[in-house]
Amino acid sequence: MTQQRWHVCPPVPSDLSSQLSGFDPLLVQLLYNRGITEPAGFEPFIAGDERLANDPLLLPDIDKAVARINRALLGGELIAVFGDFDADGITAAAVLVQGIGQLGGNVISYIPHRLNEGHGLNDSALEHLRLEGASLVVTVDCGITGASEVKRGRELGLDIVITDHHVPSDTIPDAVAVVDPKLPESEFPFSELAGVGVAVKLLQALFRAANRGAEADEFLDLVALGTVADMVPLTGENRYLVKRGLEVLNQSRRVGLQELVLSSRLEMGKLDAQDISFSLGPRLNASGRLGHGVTSYELLMTSSREKARELAAMLEAGNTERRRLTSEAFENAREKLAGEAGELPLLIVGDSGYQPGVVGVVAGRLVDEFYRPAIVIHLDEGTARGSARSIPDFDIIAALTECRDLLTRFGGHSQAAGFIMPDSDVDKLRERLQKIAARELADVDLRPALSVDTVVPLSALRGQTYKMIGRLEPYGQANQIPCFLSKKVQVVSSRAVGANGDHLKLKVRDGNVVWDAIAFDLGHRELASHLDIVYNLETETWTGRELLRLNIRDFSPASSTP
């Protein structure tokens, strides 16, 4: 019996297939599944080149932002770049501080402390920056919901330019400029930029005004890091920024990145998006989760090899501790939810022992295991700080908006959000969100959904298939590694592998074709003689050679229908 729902994507309409007869039909299907439904979009997506980039001047208020920053440059004003404590906010701050510095600006940074200050602008930070002599504050990856803080900044004599990518609230801050592709009046063609993506578009506009447009490309290594780490869709302009950014990253002269790669046991020149997702991004996030994100910021900014090595070691130690705390909190949350997680439409759990910096990661793991929206809350002396993760079927920020009267502050995306509230109202929040989730998910099968690109005979796959689908890289959100379903394959041999027999190693046959396969974490499942299998194609290295194999994600007896 399959453990997951298999959602097979619909076939390409015949009229579109006929227009793309020059492309391999499998590639056409893969691109169609990724939202490329017009013939004109196929070749640019495959190339992932500048054709996917958009004019920065189409962003709302970008002209006002450029004008105010240029005035500060000409007048020698002190410009403060106000960032965030995660990888997106840290890379965005580094991009603007270094970029404005290259334009001759007098610029400083401010990275808030997760626990002491929380996400976004705050009055005390603005007061501090004013005392430091700043007259202009430029936010990155934050500020769109900071109407009251912007008002306080103006009272202090600060001009504020907001650059953000989060969903605006009903009240737009009265700032000098508000640059956010998600603003209702935005004419920018792509709304899913990360915070660092918006920052680099502003820098492109600034450099263009100074007749130095091409120089912004040197910052694309940081853009790739922040974009992938923030898990925004790797489609549209993000695809270009990450693809080109990986090229820059693999040749980066930043000693901090070189040392981070070395401490992650990776190799410069061979980095891909998965390395950012699973190694580099978590390490950059580690300092903000457990301490102060300024450690990661300093790593990106330093020119000292010795300092870079010291900071990379600190992030490595912090990431190890973060994993330990995450595992402990996750097991505690599972125990609290024992017996009811599979019955509730939404999971919400809180404890004073949860480290605030890991609650989001724990919520994500609960979503992965139970396929339900999950909220994990750190309780601390009257205050509850929650982090929410969701499933595609449920808009968590819309749900929180319905409960806004209970929340002191909140913000985020449809799939990830955070909030602060009095802990005395947590039970009311739980009750309301459960009702909202029950309403919105009434007709949803709450088993993990495994998206299958297409059904293909196993015997039809060849070595060139792997090479062809590799043209879709870099993989990430909204552009996952292609996933296939093959039916009625024969199990030739199988054996449990791993310390506890958690995995299966198999040989499977279709006609005269035999494939090696691995099925991670499926060692407890019963095998039939013939299976329907859902899998990715991947390579493994054996005695110095790269060999193709199947990475089986799920399977069921050949006669059953998932």
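This is a predicted model: local features need pLDDT of at least 70, side-chain atom pairs count only at pLDDT 80 or more; totals for chains, interfaces and linings use all residues.
Which residues of helix 17 are buried?

Residues are numbered from 1 along each chain as its sequence is written, and side-chain values use heavy atoms, with hydrogens and water left out.

Let me now answer the opening question. The buried residues of helix 17, which covers residues 426-440, are Val426, Leu429, Leu433, Gln434, Ile436 and Ala437. Buried here stands for under 20% relative accessible area, exposed for over 50%, and partly exposed for what lies in between, with a 1.4 Å probe and protein chains only. Helices (H or I, at least four residues) and strands (E, at least two) are DSSP runs, numbered from the N terminus. Viewed down the axis of helix 17, the buried residues fall within an arc of 170 degrees, so they line one face of the helix. That arc is taken from the directions that lead from the helix axis to the C-beta atoms.

What do the buried residues of helix 17 pack against? They meet strand 7 (347-351), strand 8 (374-380), strand 9 (383-389), helix 16 (396-402) and strand 11 (416-422). Contact means heavy atoms within 4.5 Å. The length of helix 17 agrees with expectation, because its 15 residues should span 21 Å at 1.5 Å a residue and its end C-alpha atoms are 21 Å apart. The expected span is 1.5 Å times one less than the number of residues.

Helix 15 (residues 359-370) also involves strands 7, 8 and 9: together with helix 14 (305-336), they are included in what covers its buried residues. Among those buried residues are Val359, Val362, Leu366 and Phe370. Helix 15 is followed by Tyr371, which has a positive phi near 50 degrees.

I turn to the nonpolar cores. Such a core is a set of buried Ala, Val, Leu, Ile, Met, Phe, Trp, Tyr and Cys residues joined through side-chain atoms within 4.5 Å. The largest has 73 residues, and those with the most contacts inside it are Ile69, Ile79 and Leu202. Apart from it lies another core, of 44 residues, which includes Leu347, Tyr371, Phe419 and Met421. Not counting residues up to four places away in sequence, Ile69 touches Ile79, Ile100, Leu136, Val138, Leu202 and Leu206.

Next, the strands. Strand 2 (residues 78-82) and strand 3 (residues 106-110) pair in the parallel sense over 5 bridges, and Leu78 has Asn106 as its bridge partner in strand 3. Two strands pair if DSSP finds at least two bridges between them. With helix 5 (residues 87-102), strands 2 and 3 make a right-handed β-α-β unit.

Leaving aside neighbours within four places in sequence, its contacts are Asp141, His165, Ala194, Gly195, Val196, Gly226 and Asp230. The C-alpha atoms of Asp88 and Leu225 are separated by 7.6 Å, although the two are 137 residues apart along the chain.

Strand 14 (484-497) is joined to strand 17 (residues 530-542) by 5 antiparallel bridges, with Leu485 partnered by Val534. Strand 17 in turn runs antiparallel to strand 18 (residues 545-557) over 12 bridges, where Leu537 has Leu550 as its partner.

Finally, some backbone details. Most residues other than glycine have a negative phi, and most peptide bonds are trans. Glu381, in the loop between strand 8 and strand 9, has a positive phi of about 50 degrees and is exposed at 81% relative accessibility. Lys488, in strand 14, has a positive phi of about 55 degrees and is exposed with a relative accessible area of 61%. The peptide bond from Glu473 to Pro474 is cis, with omega near 5 degrees; Pro474 sits in the loop between helix 18 (463-469) and strand 14.

How values were computed. A crossover is right-handed if, with the strands pointing away from the viewer, the path from the first strand over the helix to the second runs clockwise.
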